Amino acid sequence: MNKLLEARKAKRESQAQAANAIGIAQSMLAMMETGDRNGSDKTKRKVAEHYGKSVGELFFSDNITSGDIHIHAQREEVAR
């Protein structure tokens with residue numbers, strides 16, 4: 001279960017209830033929960049505020065990928 005779905009379940013809300021309170025379409029919330037859509041920064045802020053969490057908590061992973069490591073190495077090289 002993803003963080004967005006977990007947050008909604010913790011509030012014991014249906015998608016329709018949550019979407020209505022957030023001010024977005026239920027279909028948009030459904031797509032955000034499944035990862036089919038990301039939402040704009042404004043929408044992410046509204047969702048995070050509704051759930052009482054930060055945007056980072058809901059939408060960003062703590063996992064470091066090999067791509068992240070590669071980007072970090074490139075930035076260090078450029079900085080030298």
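**Figure 1. The protein chain has six helices and zero strands.** Helices (DSSP runs of H or I, at least four residues) and strands (E, at least two) are numbered from the N terminus. From the N terminus on, the order of elements is α-α-α-α-α-α. The model is predicted: local features need pLDDT of at least 70 and side-chain atom pairs count only at pLDDT 80 or more, while totals for chains, interfaces and linings use all residues. Residues are numbered from 1 along each chain as its sequence is written, and side-chain values use heavy atoms, with hydrogens and water left out. Of the 80 residues in the protein chain, 26% are buried; buried means under 20% relative accessible area, exposed over 50%, and partly exposed in between (1.4 Å probe, protein chains only).

**Figure 2. Helix H3 (residues 26-34) packs with helix H1 (residues 3-10).** Two packed helices are described by the angle between their axes and the distance between the axes. For H1 and H3 the angle is about 125° and the axes are 7 Å apart. Because of that angle, H1 is oblique to H3. Axes are lines fitted to C-alpha atoms, for helices over the stretch in contact, and angles run from 0 to 180 degrees between N-to-C directions. Angles under 35 degrees count as roughly parallel, over 145 as roughly antiparallel, 65 to 115 as roughly perpendicular and the rest as oblique. Leu4, Leu5 and Arg8 of H1 make the contact with Leu29, Met32 and Glu33 of H3, where contact means heavy atoms within 4.5 Å. By class, these residues are four nonpolar, no polar and two charged. Ala, Val, Leu, Ile, Met, Phe, Trp, Tyr, Cys and Pro count as nonpolar, Asp, Glu, Lys and Arg as charged, and the others, Gly among them, as polar.

**Figure 3. Helix H2 (15-22) also packs with H3.** The angle between H2 and H3 is about 110°, with the axes 8 Å apart. This angle makes H2 roughly perpendicular to H3. On the H2 side are Gln15, Ala16, Ala18 and Ala19, which meet Gln26, Leu29, Ala30 and Glu33 in H3. The contact of H2 with H3 has five nonpolar, two polar and one charged residues. Between Ala30 and Ala19, eleven residues apart along the chain, the C-alpha atoms are separated by 8.9 Å.

**Figure 4. The buried residues of H3 are Met28, Leu29, Ala30, Met32 and Glu33.** They pack against H1, H2, helix H4 (41-51) and helix H5 (55-59). Ala30 counts as buried because its relative accessibility is 19%. After H3 comes Gly35, with a positive phi near 85°.

**Figure 5. Glu33 is found in helix H3.** Glu33 has a relative accessibility of 8%, so it counts as buried. Leaving out residues up to four places away in sequence, Glu33 touches Asn2, Leu4, Leu5, Arg8 and Gln15. The side chains of Glu33 and Gln15 are joined by a polar contact of 2.8 Å. A polar contact is a pair of N or O atoms within 3.5 Å; within protein, one must be able to donate a hydrogen and the other to accept it, and residues adjacent in sequence count only if both atoms are side-chain atoms.

**Figure 6. Ile22 lies in helix H2.** Ile22 counts as buried, at 8% relative accessibility. Not counting residues up to four places away in sequence, Ile22 touches Lys46, Val47, His50 and Tyr51. The C-alpha atoms of Ile22 and Arg45 are separated by 9.8 Å, and these two residues are 23 residues apart along the chain.
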